[in-house]
Amino acid sequence: MLPFVFEWQWDIGHIVFFGLFFGVVSVVFGVLGLTILKTILDLWSGKIHSADH
Amino acid sequence: MRRWFDDLPKYADDSSWWPKGTTRCRPEVFLFWLGLPLTIMAYFGVSAFLVLFKGLNQTNMNDYFAFGVWIVVDLAVIALGAGAFFTSFLNYIIGKTELKPIVNAAVLIGFICYTGAILMLGIDIGQPIRGWFGFWHANVHSMLTEVMFCITTYAIVLCIELLPSVLDNRRIGKVPEFGTFSHNLHTIMIVFAAAGTFLSFFHQGSLGGMFGVLYARPFAFRGHLGIWPMTFFLFVMSAIAAGPSFTTLIVMITEKITAKRLTSHKVKMLMGKISGWLLLVYMVCKSVDTLYWAFIYLPSKGLSVGQMYQMPYGSWLVWAELGLFGWLPVVMLLTPRVRESYGLLFLAMLLNCIGVTLNRFIFTIQSLALPVMPFEKFISYLPTWQEWGVASLVLGHGLLIFMLAYRYLPIFPQEPELNQR
């Protein structure tokens, strides 16, 4: 549920529950995105890790 | 010694995909054994089709038993899968690196438990294509909303935690992009372990909290600590006590089936010790909670403990849950000589896992079996073969994933060293 959905209410229950949920989801997907970005930069600069290296 | 299949022709050689320094059975033998999980999944397929096509009349659930074997199995596997988050927490956050040889197995088993439970719940909700409604039209005051959000998000975290093991496959890891991504994921795994710990803590707790807030069910209702009923904390404690035992138990069963040593006994003993201490804390709290409920709470409401236990769910369940599958594994797991013995450690961990499963059964089935209206009777429940079929998905799906992972992924880093000849 997002704040623009008609059922959304600006009360403490919604703010705490969804604040924590979207916080954790942001951390998980944010860190995953940064790891993918770092991998692209590593590959670009020749810092390769593989079974052969 | 030559075996019967040694003379069969070789159809394909997948040995270059096996983990480095390990040996596996021949592909045709592996394919033969894959028939077992596939048969179980076919049984699930037939049962799921009947339930989805014909409806819940295929089950023995009714107005009394809104929850049945699916919820019992769901709660049990979620608790048993807690080894994933707790072992990751100890390894990555607390720094207990002695657990490193078993952390991959713990994550794999957690992944199997959680994805199996989610797939099974897809049938339980009746219309799986509307499963997303829970996210979009969330009732923030419901314990089940928290459970649904946390279980699905934690399943995603488990996929990410399992990803390095997949990318570390001998052939896949040779691809520079995958190898580099896997290396970078390893370095940042602490963040996923922390997120997994947060999510797991709350959904394990909320599964218990769901029962503790049932005001109309005297068997399940408990006093509160803050906004959470005691069952919230008891469910977290029992899950983290049983999870490491279940992980070790699966590793031990795999060792017996494959006739190989996969982790050192020292690691298993440490898992047993951790389980034992956590189980001790849980059993003290659970025993105090049960005594308070039986001798203070129930009499204050004009009820007696005798009314709560009627056959077939008689008082034997209390002795079984708290005695045979509660205090006995505590004593066994905290005794060093028991942990040193492979067989006794196995037995103690098995008793611990049965205990948490029995606890989830009691909270789900017995809570609903008790009459709450004067005109109601004490009734019992037995699942239909279709219900068992849907529940068997966890087993079939788990076997399939575990067999494939054991064959191709470096789940057990100590295996090459322990099986050197």
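Here is a walk through a predicted model with chains A and B. Being predicted, the model needs pLDDT of at least 70 for local features and 80 or more for side-chain atom pairs, while totals for chains, interfaces and linings use all residues. Residues are numbered from 1 along each chain as its sequence is written, and chains are lettered from A and ligands numbered from 1 in the order in which they are written.

Let's start with chain A. It has 1 helix and 0 strands (helices are DSSP runs of H or I with at least four residues, strands are runs of E with at least two, and both are numbered from the N terminus). Along the principal axes, its C-alpha atoms fill a box of roughly 55 × 15 × 15 Å. The radius of gyration of chain A is 19 Å, whereas a compact globule of 53 residues would come out near 10 Å (the radius is taken over C-alpha atoms, and the globule rule is 2.2 Å times the number of residues to the power 0.38).

Where do the chains meet? The contact takes 23 residues from chain A and 29 residues from chain B (in contact: C-beta atoms, placed from the backbone, within 7 Å). On the chain A side, that splits into 13 nonpolar, 6 polar and 4 charged (Ala, Val, Leu, Ile, Met, Phe, Trp, Tyr, Cys and Pro are nonpolar, Asp, Glu, Lys and Arg charged, the others, Gly among them, polar).

Now find α16 in chain B, residues 393-408.

Finally, two loops of chain B. A cis peptide bond joins M311(B) and P312(B), with omega about 5°; P312(B) lies between α11 and α12. In the loop between α9 and α10 sits A259(B), whose phi is near 55°, a positive value in a residue other than glycine. Is A259(B) buried or exposed? A259(B) counts as exposed because it has 7 C-beta neighbours inside 10 Å.

Note on methods
Buried ≥ 20, exposed ≤ 12 C-beta atoms within 10 Å, placed from the backbone. Expected span 1.5 Å × (residues − 1). Contact = placed C-beta atoms within 7 Å.
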